[in-house]
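Subject: Structure handover

Hello,

Here is the structure I said I would pass on. Please open it first and then read the notes below it.

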Amino acid sequence: MKKVAVELIDSIELAFKWFTIPDDKAKYDRLVSQWERSLRAAGMNYPPNIYHDALDLIIANASSKDDAPMPGDILRACEKVIERIESDPVRRKGLYDWREKYRLARIEQMTGEPQDGIE
């Protein structure tokens, strides 16, 4: 999730010029950590591409007067992206496959027992 947070922050800085990344490394690391925790706080876990698609959706609908998106904006856009994917038979299969692998990996993580279907 840290990689996703870094990529989102960097992309937001490119798209929203008034969003600035701290020059101080310690402050930048705190910003990344806060974003990472905030994206996890909702209890949802999406494939990395969903977060990027969500930011694309936000940018596509942004106007010159909009504020830079925050983690909550990204998470709300993720829900819209998921809705769109679930209505697309081709993309839906990939999402469902990812969810099943994630579910099995979580069971294995919690129980310590390998689950059928994990590669």
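In this model, Trp35, Ser38 and Leu39 of helix α2 meet Pro71, Ile74 and Leu75 of helix α4, where contact means heavy atoms within 4.5 Å. The residues of this contact divide into five nonpolar, one polar and no charged. For that count, Ala, Val, Leu, Ile, Met, Phe, Trp, Tyr, Cys and Pro are nonpolar, Asp, Glu, Lys and Arg are charged, and the others, Gly among them, are polar.

Before the rest, a word on the source. The model is predicted, so local features need pLDDT of at least 70 and side-chain atom pairs count only at pLDDT 80 or more, while totals for chains, interfaces and linings use all residues. Residues are numbered from 1 along each chain as its sequence is written, and side-chain values use heavy atoms, with hydrogens and water left out.

Overall layout

The protein has five helices and zero strands, in the order α-α-α-α-α from the N terminus. Helices (H or I, at least four residues) and strands (E, at least two) are DSSP runs, numbered from the N terminus. Along the principal axes, the C-alpha atoms fill a box of roughly 50 × 35 × 20 Å. Of the 119 residues, 28% count as buried; buried means under 20% relative accessible area, exposed over 50%, and partly exposed in between (1.4 Å probe, protein chains only). Among contacts between residues at least 6 apart in sequence, 58% join residues at least 24 apart.

Helix packing

Helix α2 (residues 25-41) packs on helix α4 (residues 71-86) at an angle of about 40 degrees, and their axes are 9 Å apart. Axes are lines fitted to C-alpha atoms, for helices over the stretch in contact, and angles run from 0 to 180 degrees between N-to-C directions. The two helices are therefore oblique to each other. In this scheme, angles under 35 degrees are roughly parallel, over 145 roughly antiparallel, 65 to 115 roughly perpendicular, and the rest oblique.

The contact of α1 with α2 has 10 nonpolar, no polar and three charged residues.

The core

Which residues touch the most other members of the largest nonpolar core? Tyr51 and Ile74 do, out of 28 residues in that core. A nonpolar core is a set of buried Ala, Val, Leu, Ile, Met, Phe, Trp, Tyr and Cys residues joined through side-chain atoms within 4.5 Å. Helices α1, α2, α3 (48-61) and α4 each supply at least two residues, and α4 gives the largest share, seven residues. Leaving aside neighbours within four places in sequence, Tyr51 contacts Ile74 and Leu75, and also Met1, Val4 and Leu39, among others.

Two single residues

Glu36 lies in α2 and counts as buried, at 19% relative accessibility. Not counting residues up to four places away in sequence, Glu36 touches Met1, Lys2 and Ala5. Leu14 belongs to helix α1 (residues 2-15) and is exposed, with a relative accessible area of 62%. From Leu14 to Tyr28 the separation is 14 residues in sequence and 16 Å in space, C-alpha to C-alpha.

Regards
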